[in-house]
Amino acid sequence: MKFRLFNARTSVLVKSKMAFGWCINPYNGCYHGCRYCFGMCTTGKNYKQWRRVEVRKNLIERLREDICKLKKSEEFWLIRDIFLGAITDSYQPIEKRDNQTRQVIEVLIENELPFTVITKSDLVLRDIDLFKGYKMVQGWCYNNISR
Ligand code: SF4
């Protein structure tokens with residue numbers, strides 16, 4: 001599995017241009033490489049580039065800054081849901097090594113923000129301890145759809 005580390009210069013908690021509303025993509029690209037993935041079209045990457053995952057070294061730091069800024073605006077109180085993995089799978093194989101998604105979830109819970117996780121990976125079960133007892137989480141799993 002190939003991946004690239006980089007520092008994010010822009011916000012990581014963003015309003016999606018699609019129907020997702022607020023979202024965080026813990027990774028850029030996705031190693032699963034499903035043939036039907038719209039992520040390749042929206043990012044202009046080819047199949048090989050899409051599977052070469054990019055990891056933001058400063059993701060958590062950026063997320064904390066974004067939340068801090070948002071808290072100063074009315075928009076913060078209007079957030080109904082944050083999608084984790086609108087254009088990536090938050091629990092793709094690299095998550096086992098990097099724990100980026102887990103750390104994002106910890107920050108969201110700390111700030112009492114609602115979120116939805118979309119994944120096709122059973123690695124999501126690793127974080128069940130975080131979801132238990134937290135009322136503002138939903139999960140979508142589609143691991144029965146073939147590549
Ligand atoms: S798991 Fe989701 S983000 Fe990843 S390649 Fe498949 S459709 Fe795209």
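Trainee: How many of the residues of strand E7 are buried?

Mentor: Two bits of background come before that. This is a predicted model, where local features need pLDDT of at least 70, side-chain atom pairs count only at pLDDT 80 or more, and totals for chains, interfaces and linings use all residues. Residues are numbered from 1 along each chain as its sequence is written. Now, strands (E, at least two residues) and helices (H or I, at least four) are DSSP runs numbered from the N terminus, and a residue is buried if 20 or more other C-beta atoms, placed from the backbone, lie within 10 Å of its own, exposed if 12 or fewer, and partly exposed in between. E7 is mostly covered, with buried residues numbering 4 of its 5.

Trainee: Which residue in E8 stands opposite Ile118?

Mentor: Strand E7 covers residues 115-119 and runs parallel to E8, with 5 bridges joining the two. As for Ile118, the residue opposite is Trp140.

Trainee: What is the bridge partner of Leu84 in E7?

Mentor: Look at strand E6, residues 82-84, which runs parallel to E7 and is joined to E7 by 2 bridges. For Leu84, the partner in E7 is Val117.

Trainee: Why is one side of E1 and of E4 left without a neighbour in the sheet?

Mentor: They belong to an open sheet of 3 strands in the order E1-E5-E4, with mixed pairing. E1 (3-6) and E4 (27-28) stand at the edges, so one side of each is left without a neighbour because each has a single partner strand.

Trainee: Which element has the lowest mean pLDDT?

Mentor: pLDDT is the predictor's confidence in each residue, from 0 to 100. The chain's mean is 91, and 95% of its residues reach 70 or more. Helix H5 (residues 100-110) has the highest element mean, 98, while the lowest, 79, belongs to E8.

Trainee: How many charged residues are in the shell around the ligand?

Mentor: Near means a C-beta atom, placed from the backbone, within 6 Å, and the residues around the ligand include Cys30, His32, Asp89 and Lys120. Ala, Val, Leu, Ile, Met, Phe, Trp, Tyr, Cys and Pro count as nonpolar, Asp, Glu, Lys and Arg as charged, and the others, Gly among them, as polar. The shell has 3 nonpolar and 4 polar residues, and the charged ones number 2.

Methods: Two strands pair if DSSP finds at least two bridges between them.
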